[in-house]
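Open the model in your viewer and keep the selection panel handy. We will go from chain to chain and then zoom in.

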Amino acid sequence: MNTRAIQAIIRKDLKVTLQNRGVMIPLVVVPLIMFVVMPALAGLAPLLGEGPGSPLNDLQLFLENMPAALQASLAGYTPMQQVVVLALVYLLAPMYLIVPLMVASVIAADSFAGEKERKTLEALLYTPTTDRELLLGKLLAAWLPAVAVGLVGFVLYAIVANIAAWSTMGSFFFPNLMWVVLAVWVAPAVAGLGLVVTVLISARAEGFQDAYQMGAIVVLPILLMVVGQATGVMYFSVGLVALLGVVLWLLDGLLLWWGGRWFQRAELFSRL
Amino acid sequence: MDKRAVIETTNLSKQFGQVTAVDRLNLTIRQGEIFGFLGHNGAGKTTTIRLLNGVLEPSGGAACVLGLTPLVDGPTLRRRTGVLTETPSLDERLTGRENLAIYADLYGVPAPQTAARVAELLATFDLSDRAEEKVGGYSKGMKQRLALARALLHAPEILFLDEPTAGLDPVATRQVHRLITRLSREQGRTIFICTHNLAEAQALCDRVGVMDNGRLLTIGAPAELTRQMQKALRLELEAAENDREVVLDQISRLGLTAEAAENGQGHGRWLISGAQYDAIPDLLADLVRAGARVYRLNPQEPTLADVYFALHEEEKR
């Protein structure tokens, strides 16, 4: 395996991506909303006040419909604290996964379909890299930033959540073990899934937009998780999150194995 | 002594669905040769380059490049070949130096030599002053030069050039021609040029092959191909206007036909068709003997362009 060539592909893709405003804007704006704006709003929500007519009363009712395990995990908190923990720890958890997924998908779409669009793929395909090195370079160029953004975002989210909710919680309450597992174990797997799917789509798509839009299909399972949590159908316990990670890693491995067999220069060239 | 064959194909073919892009191509190219591949757009030239570099799978036949089978030994082979693609295929958001440095890593240029090699090529192609600028701001000619520099980064044994001088100004074109000649003559590198520029092919190439609809119509040295066309040799004759009758009489006696051309400097000018090259001295002697004052008798030798168009006309019929 030619690691120098793989590093060159990663370096090239990252440099090109960082200079593409169309790619960088969503990569900055969405994490900012997810890791700063949303935890800040959720943490500050109790300041809206209690009493008749307060929207927080609805959340109390909502909490009563949640699974028993979730209600048990919130048992030691005051009602206001329960609202904060419910929102920041549980409801926003699946949404956190959207960020690494999106970062991986955007960069991956740009790496193949974007290269095809810019007519730079041909020169790359004439290099002595093997198909496997090429695929690995492209995947890592999208996966590494996605994981990095996910981890940095997790730290940022923790800081904002604790500061915003300080007046309600009175102590550091975030992260719990479930979130650590989510950020360290599940988020990289989600990023992997997004990028493998997008790279495979990108290789066949006409351009960046095309690939990105088709790749957006991988967001659907995450949206289902958001709905599942919000309706009380599922509850992000440590066990469930760890199991979710196992399933996603297996899926990544399967898709990577399949993609590696399918991903061939000759196939890419015939579509140039 | 014959140099070794570095490219050999036997009935090499490529189909894309119902379209035959390359049709039973048989080709032998020797080390150090400058080979011109001529043909219209879609003739199969670029597909041939792709097949010879192992990035496309042939539908039939076989190819051997530098003793390797392209599809099987692709990465090893591509370490020894360089390709200038039809479009420069450069990352426009990166600088000229960054483009070369990244590809130096991809082509396995030893890391300690990369910076020096990149600087050397930037200087060779007169790009040092603009090396830190993004390629998006380069002119078409600068991009072409940078792409050519990239193809040479790893000092390839065979250089495939797809339209190497497209978009270049005359000065840059001459620079590229000199470079190609030097690479071949002084360094023994083999150059495979796809071009529409017939004058370029005639001036540079040791041999040319003419492709049409995936088929190789002819192959040979440009001079050899043009000689084959000398059956249709045309002569340009300039003689005194007053001697018109004598001139036309002598031409018809030799079974040739003449058509009047624009007068030059008060003299009569004719274009004579059907003459054999060997008949020129006899024609001149007869004209002089008959009293015609001949100022000029100039055989208009066919160019590679004539050969090219004649072959395509023949193919259409």
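## Start with chain A

Among contacts in chain A between residues at least 6 apart in sequence, 87% join residues at least 24 apart; two residues are in contact if their C-beta atoms, placed from the backbone, lie within 7 Å. This is a predicted model, in which local features need pLDDT of at least 70 and side-chain atom pairs count only at pLDDT 80 or more, while totals for chains, interfaces and linings use all residues. For your selections, residues are numbered from 1 along each chain as its sequence is written, and chains are lettered from A and ligands numbered from 1 in the order in which they are written.

Colour chain A by secondary structure and you will find 15 helices and zero strands. Helices here are DSSP runs of H or I with at least four residues, strands are runs of E with at least two, and both are numbered from the N terminus. Along the principal axes, the C-alpha atoms of chain A fill a box of roughly 70 × 35 × 30 Å. Of its 272 residues, 47% are buried, meaning that 20 or more other C-beta atoms, placed from the backbone, lie within 10 Å of the residue's own.

## Now select chain B

Chain B has eleven helices and 13 strands. Its radius of gyration, taken over C-alpha atoms, is 25 Å, well over the 20 Å that the globule rule gives for 317 residues, so chain B is more spread out than a compact globule. That rule is 2.2 Å times the number of residues to the power 0.38. Buried residues account for 42% of chain B.

Two strands count as paired if DSSP finds at least two bridges between them. Strand 1 (residues 5-16) pairs with strand 4 over five bridges.

## Where the chains meet

Show both chains again. The contact takes 25 residues from chain B and 24 residues from chain A. Helix 3 of chain B gives the largest share of the chain B side, five residues.

## Last stop: confidence

Colour by pLDDT, the predictor's confidence in each residue, from 0 to 100. Chain B has a mean pLDDT of 89, and 96% of its residues reach 70 or more. Among the elements of chain B, helix 3 has the highest mean (97) and helix 11 (residues 304-316) the lowest (73). The model scores ipTM 0.82 and pTM 0.81.

Key. A residue is buried if 20 or more other C-beta atoms lie within 10 Å of its own, exposed if 12 or fewer, and partly exposed in between; C-beta atoms are placed from the backbone.
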